[in-house]
Amino acid sequence: MLIDDQKNKLSDVITTQIMRVIFPFIIARSVTGQLLTVKLSRKERWNPILWRTLQSICEAKLWIPITNNHRLLQNDWLI
């Protein structure tokens, strides 16, 4: 899949940096400085590997994409 194939979907994505990971909350900051609470599904909420990964992303100060309704993307690295 090419990025060009996703042009219409790119407007549905917010670039965020994870600021805090405190179970059961994930606080992220958008590029505009707005603080957001990332919404997790029940399955994601109880996944210990996801929490460790999100904590590592927070410590590394990486930016990740989320949807406009503040959910993690399933194919985030493709976008």
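This is a predicted model: local features need pLDDT of at least 70, side-chain atom pairs count only at pLDDT 80 or more; totals for chains, interfaces and linings use all residues.

Visitor: Thanks! Is T16 buried or exposed?

Guide: T16 lies in strand β1. Its relative accessibility is 0%, and the cut-off for buried is under 20%. T16 therefore counts as buried.

Visitor: Which residues is T16 in contact with, leaving aside its neighbours within four places in sequence?

Guide: We are still in strand β1, where T16 lies. Leaving aside neighbours within four places in sequence, the residues in contact with T16 are A28, R29, S30, L36, L62, W63, I64 and I66.

Visitor: Does S30 count as buried or exposed?

Guide: S30 has its place in strand β2. Not counting residues up to four places away in sequence, S30 touches I14, T15, T16, L36 and W63. Its relative accessibility is 4%, so S30 counts as buried.

Visitor: And how many Å separate the C-alpha atoms of Q34 and T16?

Guide: Q34 lies in the loop between β2 and β3 (35-37), and at 46% relative accessibility Q34 counts as partly exposed. Along the chain, Q34 and T16 are 18 residues apart, and their C-alpha atoms are separated by 9.2 Å.

Visitor: Let us step back. In what order do the elements of the chain run from the N terminus on?

Guide: The secondary structure comes to three helices and four strands. From the N terminus on, the order is α-β-β-β-α-α-β.

Visitor: How far does helix α3 reach from its first C-alpha to its last?

Guide: Helix α3 covers residues 48-60, which is 13 residues. At 1.5 Å a residue, the expected reach is 18 Å. From first C-alpha to last, α3 comes close to that, at 18 Å.

Visitor: Why do the buried residues of α3 line one face of the helix?

Guide: The buried residues in α3 are L50, W51, L54, I57 and C58. An α-helix has 3.6 residues a turn, so residues three or four places apart point the same way. Seen down the axis of α3, the buried residues line one face because they fall within an arc of 125°.

Visitor: Which exposed residues does the face of α3 turned away from its buried side carry?

Guide: The buried residues of α3 pack against β1 (13-22), β2 (25-30), α2 (42-45) and β4 (63-67). The face turned away from that buried side carries the exposed residues P48, I49, R52 and E59.

Visitor: What lies at the start of α3, and which residue follows the helix?

Guide: At the start, a side-chain oxygen of N47 reaches to within 3.0 Å of the backbone nitrogen of I49. After α3 comes a residue whose phi is positive, near 60°: K61.

Methods
Residues are numbered from 1 along each chain as its sequence is written. Side-chain values use heavy atoms; hydrogens and water are left out. Helices (H or I, at least four residues) and strands (E, at least two) are DSSP runs, numbered from the N terminus. The expected span of a helix is 1.5 Å times one less than its number of residues. Buried means under 20% relative accessible area, exposed over 50%, partly exposed in between (1.4 Å probe, protein chains only). The arc is that of the directions from the helix axis to the C-beta atoms. Contact means heavy atoms within 4.5 Å. A polar contact is a pair of N or O atoms within 3.5 Å; within protein, one must be able to donate a hydrogen and the other to accept it, and residues adjacent in sequence count only if both atoms are side-chain atoms.
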